[in-house]
Amino acid sequence: MSEQHKVKVKTFLPTRPLPPNSERKPILTERLIIRPLSEDDVDDIHAIHRQPEVMIYTMRGRIDDNKEVTRASMARFLPPNDLHTYSNVICLASTGETIGRGGITRPDQLLGWPEVGYIFKKEVWGQGYATEFLKALVSFWWTLPRSETELGVDAQSVDGPGEAPEMLSAIVDKENIGSQRVLEKVGFRKFKRWTEPDNREGFSGDINLVGFVLSSPGQKSDRAVGSVDPALVPADQAPV
């Protein structure tokens, strides 16, 4: 993804290093068990990574050819990299079935803020699991011990350099209307849209992306929650 114009801000982030996977307790919701990712999850994750409808909205853009590709993808979130990310397997509380994975990455991503992401197997789409997962994950994230820090963040996500409320970010394909709705339900605000070359495997031309941010509930922002950059045009509804 192309680099965005950034400014330096003083803010807060969870104290690093993060707790290792071995010390993290599952997050429980009414219908879900959200637990740390482990190497033993490769079969379940690979099955999800074999669904084209799921993978089209990932940075890879295509299914995993074999389990070694899936293992390489998972390694970014397993020890020792777990000290910098918060990646989870999402399971049904009623059966233990793995239906997705998701988490929050380190703050050196495109927009500068820690970035949320998730995928769910297509068989469970439209049942509210993504919203339930993201609400629980975000609520937990804000409870972690924090330290003051300086970050280079997307200039459009804040009111300028200096002090800024802590934020989470997300980047979504403009065509992925379902994920945009999930983010908005959880309180994320749409703040920018841009076009860049589509680097997904097997794709050409450009891709239209939408940026979202969510401010910490304990810190104030001059921008109203839900406010939208005037340059943004509502996307047409499309199936997910």
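Reader: Which residues is Phe120 in contact with, leaving aside its neighbours within four places in sequence?

Author: Ile48, Val54, Ile90, Ile99, Gly100, Trp125, Tyr129, Ala130 and Phe133. Contact means heavy atoms within 4.5 Å. This is a predicted model: local features need pLDDT of at least 70, side-chain atom pairs count only at pLDDT 80 or more, and totals for chains, interfaces and linings use all residues. Residues are numbered from 1 along each chain as its sequence is written, and side-chain values use heavy atoms, with hydrogens and water left out.

Reader: What makes a set of residues a nonpolar core?

Author: Its members are buried Ala, Val, Leu, Ile, Met, Phe, Trp, Tyr and Cys residues, joined through side-chain atoms within 4.5 Å. Buried means under 20% relative accessible area, with a 1.4 Å probe and protein chains only. The largest such core has 33 residues. Phe120, Phe133, Leu134 and Phe188 have the most contacts inside it. Helix α4 (129-141) is among the elements that give two or more residues to this core. The largest share, 8 residues, comes from α4. A second, separate core has 17 residues, including Trp194 and Leu209.

Reader: Why do β7 and β8 stand at the edges?

Author: The open sheet has 3 strands in the order β7-β1-β8, with mixed pairing. β7 (146-154) and β8 (162-163) each have a single partner strand, so one side of each is left without a neighbour in the sheet.

Reader: How do you know that β1 and β7 pair?

Author: Pairing needs at least two bridges found by DSSP. Between β1 (residues 6-14) and β7 there are 9 bridges, so they pair. The two strands run antiparallel. Lys8 stands opposite Gly152 in β7.

How values were computed
Helices (H or I, at least four residues) and strands (E, at least two) are DSSP runs, numbered from the N terminus. Buried means under 20% relative accessible area, exposed over 50%, partly exposed in between (1.4 Å probe, protein chains only).
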